[in-house]
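The structure is shown below.

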Amino acid sequence: MKKSYYCKKLESTIHFLPRLVKFCCSIGEGPDYEIKNYNYIDKKIFEKYRNKYINELKKGIIPEACKGCPDCKEKVADKKNIFKWLIQPKRKYKISHIIINHYRECDCSCIYCATKLFDKGELPHYDVVPAIKNLFKFDLIDKENLCVEIQGGNISMLKEFENIIDEFQKNGCSYFLVLMNGIKYVPALEKISKDNRSAICVSLDAGTKETFAKIKQVDAFEQTIENLKKLRQNTNIIISLKYIILREINDNIEELKKFLDIAKELIYLGAVVIDIDYRESRWGGVEDGENYNIPELYCDLINYAEKYCKDNRINFEKSSIIKNLLKEI
Ligand SMILES: C[S@@+](CC[C@H](N)C(=O)[O-])C[C@H]1O[C@@H](n2cnc3c(N)ncnc32)[C@H](O)[C@@H]1O
């Protein structure tokens, strides 16, 4: 039977990066097109590029940029239905996931930061608000379901952070997911807690001041914890905490246990999220990354965290990379 593929992310995502717009969550590989004019997303060009990738997948061709990506799924259907799907008239794909990731200014310097792998040299600075206005003007956004994910850099260094929030809220979209470090208190976060789905995920990655400083290269462990307490007090924002397992830095039970004890206090409706360092695998561009297996020690740490969370009634999540590697999705 004829093979055919699809990717939900490709159909529904726009990802603003420093030099490119991508149609998925990846900052390295992934389907993209280069931005010529940062103030304007040309509807025709945007749709032309996106449809090219969608149609290639439909025809059973995995584009070079998507090779090896676990989000490319095979369309399983009988011959008749596949045929119907292949010839169906062009669907109108709307954007339900916007990733704001076009700036790199940050108030720490994580030793693992994946952006350093991909964003070499001088980066253009652009204001993403005009492009957002454009997406609304051209009716490209699924307003009801839109999730706005903000990465970076760090929001504390993003001058237009509040303008970005205002622009979405003005258009009736108030569901935000912010990945951040928590080193500075950002009052504009109080605005986004209006929507009870909005959430932050803080990469704390450590349970002690010393390990935090080694990883982030700034001495700001206690102040990060104070800021998280303040956010819990002033907002109803969902709070998750992340722990990226880093070889010979935090890959031990003592550090993890201290992190989990802190997480128990700080997490609000969110989860402990365990991840591995992308730089060890294909996602960090490692040549034979395809053959990467999660080391046994990491599996022990993941299991320890899972049990701790279960015993303490805290939500627990493995990152999608871990789940993929463990063949859980
Ligand atoms: C580049 S950071 C920027 C946002 C913010 N400054 C923060 O610390 O979350 C975005 C996300 O990428 C994750 N990340 C960056 N490098 C990574 C790596 N090598 N392995 C796993 N996750 C990584 C971080 O944990 C964070 O959740």
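In this predicted model, helix H11 comprises the 16 residues 296-311, which at 1.5 Å a residue should span 22 Å; the C-alpha atoms at its ends are 22 Å apart, so expectation and model agree.

The buried residues of H11 are Leu301, Ile302, Ala305, Tyr308 and Cys309. Viewed down the helix axis, these buried residues fall within an arc of 130°, and therefore line one face of H11. The face turned away from that buried side carries Glu296, Asn303, Lys307, Lys310 and Asp311, which are exposed.

| Covering element | Residues |
|---|---|
| Strand S10 | 238-245 |
| Helix H10 | 253-266 |
| Strand S11 | 269-276 |
| Strand S12 | 315-318 |
| Helix H12 | 320-325 |

After H11 comes Arg313, which has a positive phi, near 55°.

With regard to the chain as a whole, the domain assignment gives domain 1 as residues 5-87 and domain 2 as residues 104-116 + 127-325. The centres of domain 1 and domain 2, taken over C-alpha atoms, are separated by 26 Å. Contact between the domains involves 11 residues of domain 1 and 14 residues of domain 2. On the side of domain 1 that touches domain 2, seven residues are nonpolar, three are polar and one is charged.

Definitions and conventions: Residues are numbered from 1 along each chain as its sequence is written. This is a predicted model: local features need pLDDT of at least 70, side-chain atom pairs count only at pLDDT 80 or more; totals for chains, interfaces and linings use all residues. Domain bounds come from an automatic or database domain assignment. Two residues are in contact if their C-beta atoms, placed from the backbone, lie within 7 Å. Ala, Val, Leu, Ile, Met, Phe, Trp, Tyr, Cys and Pro count as nonpolar, Asp, Glu, Lys and Arg as charged, and the others, Gly among them, as polar. Helices (H or I, at least four residues) and strands (E, at least two) are DSSP runs, numbered from the N terminus. The expected span of a helix is 1.5 Å times one less than its number of residues. A residue is buried if 20 or more other C-beta atoms lie within 10 Å of its own, exposed if 12 or fewer, and partly exposed in between; C-beta atoms are placed from the backbone. The arc is that of the directions from the helix axis to the C-beta atoms.
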